[in-house]
Every structure is written in C-alpha cells, then in structure tokens.
Amino acid sequence: MNCTPWRNRSPFSSRSCCFSAQARLYGRNDAGPGSFARLGEAKASLSNTDIVLLTHLHIDHAGEIPGLFKARAVAGSGPIVFNVWGPGGSAGRGEDAYFPSTREFLEILFGAKGAFAYLKDFAAPITLHAHDIAAPAANSAPQQIFKDADLAITAIAGHHGDAPAVIYRIDHAGKSVTFSGDIDATGLPALRRIAKSTDLLVFNTAVLDPPGSPAILYTLHTPPHAIGELAKEVGVHALLLSHISPAVDESNAAVLESIRRNYAGTVTFAQDGMRARP
Ligand SMILES: [Zn+2]
Ligand SMILES: [Zn+2]
C-alpha cells in the first residue's frame, strides 16, 4: 500500500491521496485542486482507480473530481464502475452552510441534467455508485464500508465545523492507513476510535498551537499539541502531516516540537510526490 501526499502552494491545500497496491483496486482519498497535476507528477496511474473516499465536500477536497473522472475515463479501456463514499448532506440551518450529500453532489456533476452529464458516455461507459455516510453522528462506531480479500475500508463520522465530515481507515495485507480529513476538536473522539494502533495516521495540519492562528480556524482544525496527544494515546506507529498551511510550513520546527512533547514515533511533513509506505 502506497500513500502519495502532496502539498500545493495555495493556502490550505496539502492534499493526501492513498493508493492501495491491489491489482484491481486503487483508491483515492480526496480530490482537491492540484490533485490532478500532482498525480501526474507522481507518475501515478489512474487506470485502476475505482474507489474514491471523500472526507468532506469543501472545494479543496472535492473540487477536482470532474477532472479526475475524465482522466480516468480516457486512461483505461472498457466500462468503469466508480464507487464513491462521502458524507451525507447538511440542510444549512442558521449560520451553518448548506452541503449536498455525496449522492446529490455527484448527481449535480454527472446526473442526467448535471453539469458534466456528457461524461458518462464520453470515452468509456461510466457507472457511478454514491454512498452517503451519516455525519455528524455523535458516539458513532466505525463501520466497514468495503471488503475485498485482504483490503478493508472502515469509516466513521468526524467533525469539521459545519461541514459534514468522514474519517477513513484502510487496512490492507496487515498494514493500515487512517486519514483524519479536516478535523476539529469535536471530531477527535471518533478519530481515537478508528485510528487505534494504525500504522500510518495522515493528519491534516492546518493550524499552529493557540494563539498562533486566527481563532476561527480552531473551530475547524486540530493544533499540533492535540495531534501529538492523540497519536500517543491511540498508539499510532507513524504520523504523516498533510494539508499543510503556509503558517505550518513556516513554523515546522515549532510544530514538530509541539507534537514531540507527547509523541515519540516517526513524524513526516508531506511533500508533493512523496510515496509513504506504512
Ligand atoms: Zn475543509
Ligand atoms: Zn481543507
């Protein structure tokens, strides 16, 4: 199992992408701006991609889905069946923003009257299966959403401000990778439940320890000291810091030191094109 993270240069845009090295099955985790270009630079083939795991539907995580699907459609011959998992929607009451469910999101993009309705029969016949994962869900348990031979994918609702969010864990051939997604303090109990003893925890690292980042960002993201605490508590074997903001990039020594106060395992800052093997 390879994990290919990248960090593009715009704010909040270090993405992560996981490929499970199984003959038939390549998975993608999130698809934000730059992911298409970074995949090309990493010489990653899309020709076997048929599973997409969306942590949430912010633009920097889901905005490049049409480009990736198009690239996949022209990369391989024969019919394609995509299975896409992601959060359920949010009605957007009060101050909260509206979010479509993953199923609705794909309908808006690729449905019969969707923006890119043409793609289904453009280069190869495409069948789309969308799966909504209920989020938020307080005290929810990890649920297995996919199983094929020694590949298993588990999901649990996370928490990311008003955006419904999902945390994924991929277990393959005795190794595991867990993706925090963008996550705030309310989501950490769920991450603890799903990430127990995981080999590699890919943790989105967008803020400095308080008060180093704007207050509003702490309602959306997890600071380094809390990342270190969680990694130690659940027995994570290695940490990969992804989704790195410019502030974190400029202060990576301080970020590392803060994590190190609690966590003694390997800590790596994601680089474009890097391949991490748990
Ligand atoms: Zn987000
Ligand atoms: Zn983000």
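Let me start at Thr 55, which sits in the loop between strand E4 (49–53) and helix H2 (59–62). Helices here are DSSP runs of H or I with at least four residues, strands are runs of E with at least two, and both are numbered from the N terminus. Is Thr 55 buried or exposed? Thr 55 counts as buried, because it has 30 C-beta neighbours inside 10 Å. Buried means 20 or more other C-beta atoms within 10 Å of the residue's own; exposed means 12 or fewer; partly exposed is in between, with C-beta atoms placed from the backbone. Now look along the chain to Gly 158. That residue is 103 residues away from Thr 55 in sequence, yet the two C-alpha atoms are separated by 8.6 Å.

Some ground rules. This is a predicted model, so local features need pLDDT of at least 70 and side-chain atom pairs count only at pLDDT 80 or more, while totals for chains, interfaces and linings use all residues. Residues are numbered from 1 along each chain as its sequence is written, and chains are lettered from A and ligands numbered from 1 in the order in which they are written.

Now the whole chain. The secondary structure comes to 8 helices and 13 strands. There are 278 residues, and 47% of them are buried. Take the contacts with a separation of 6 or more: 65% are between residues 24 or more positions apart. A contact means two C-beta atoms, placed from the backbone, within 7 Å.

Next, confidence. pLDDT is the predictor's confidence in each residue, from 0 to 100. The chain mean is 85, and 82% of residues reach 70 or more. Where is confidence lowest, and where is it highest? Strand E2 (residues 14–19) is lowest, at a mean of 39, and H6 is highest, at 98. Residues 6–27 have pLDDT below 50, and that stretch makes 84 contacts in the model beyond near neighbours in sequence.

On to the core. The largest nonpolar core has 59 residues. Such a core is a set of buried Ala, Val, Leu, Ile, Met, Phe, Trp, Tyr and Cys residues joined through C-beta atoms within 7 Å. Which members touch the most others? They are Ala 155, Val 166, Ile 167, Tyr 168, Leu 191, Leu 201 and Leu 239. Take Ala 155. Setting aside residues up to four places away in sequence, Ala 155 touches Trp 85, Ile 133, Pro 142, Gln 143, Ile 145, Val 166, Ile 167 and Tyr 168.

Now helix H6, residues 224–234. Its buried residues are Pro 224, Ala 226, Ile 227, Gly 228, Leu 230 and Ala 231. They pack against helix H5 (188–194), strand E11 (200–204), strand E12 (238–242) and helix H8 (252–260). Just after H6, Gly 235 takes a positive phi of about 70°.

Look at H6 against H8. The axes come within 7 Å and cross at roughly 35°. Axes are lines fitted to C-alpha atoms, for helices over the stretch in contact, and angles run from 0 to 180 degrees between N-to-C directions. From H6, Pro 224, His 225, Ile 227 and Gly 228 meet Val 255, Ser 258, Ile 259 and Arg 260 of H8.

Pro 224 deserves a slide. Pro 224 is buried because 28 other C-beta atoms lie within 10 Å. Beyond four places in sequence, Pro 224 touches Thr 205, Leu 208, Asp 209, Val 255, Ser 258 and Ile 259. Phe 203 is 21 residues away in sequence and 9.8 Å away in space, C-alpha to C-alpha.

That brings up Leu 208, in the loop between E11 and H6. Leu 208 counts as buried because it has 21 C-beta neighbours inside 10 Å. Val 248 is 40 residues from Leu 208 in sequence and 6.3 Å from it in space, C-alpha to C-alpha. Contacts of Leu 208 past four places in sequence include Pro 223, Ala 247 and Ser 251. Pro 211 is found in that loop between E11 and H6 too. A cis peptide bond joins Pro 210 and Pro 211, with omega about 5°.

Ala 149 has a positive phi near 55°, in the loop between strand E7 (143–148) and strand E8 (151–157). Ala 173 has a positive phi near 50°, in the loop between strand E9 (166–172) and strand E10 (175–179). Ala 149 counts as exposed because it has 11 C-beta neighbours inside 10 Å. Ala 173 counts as exposed because it has 12.
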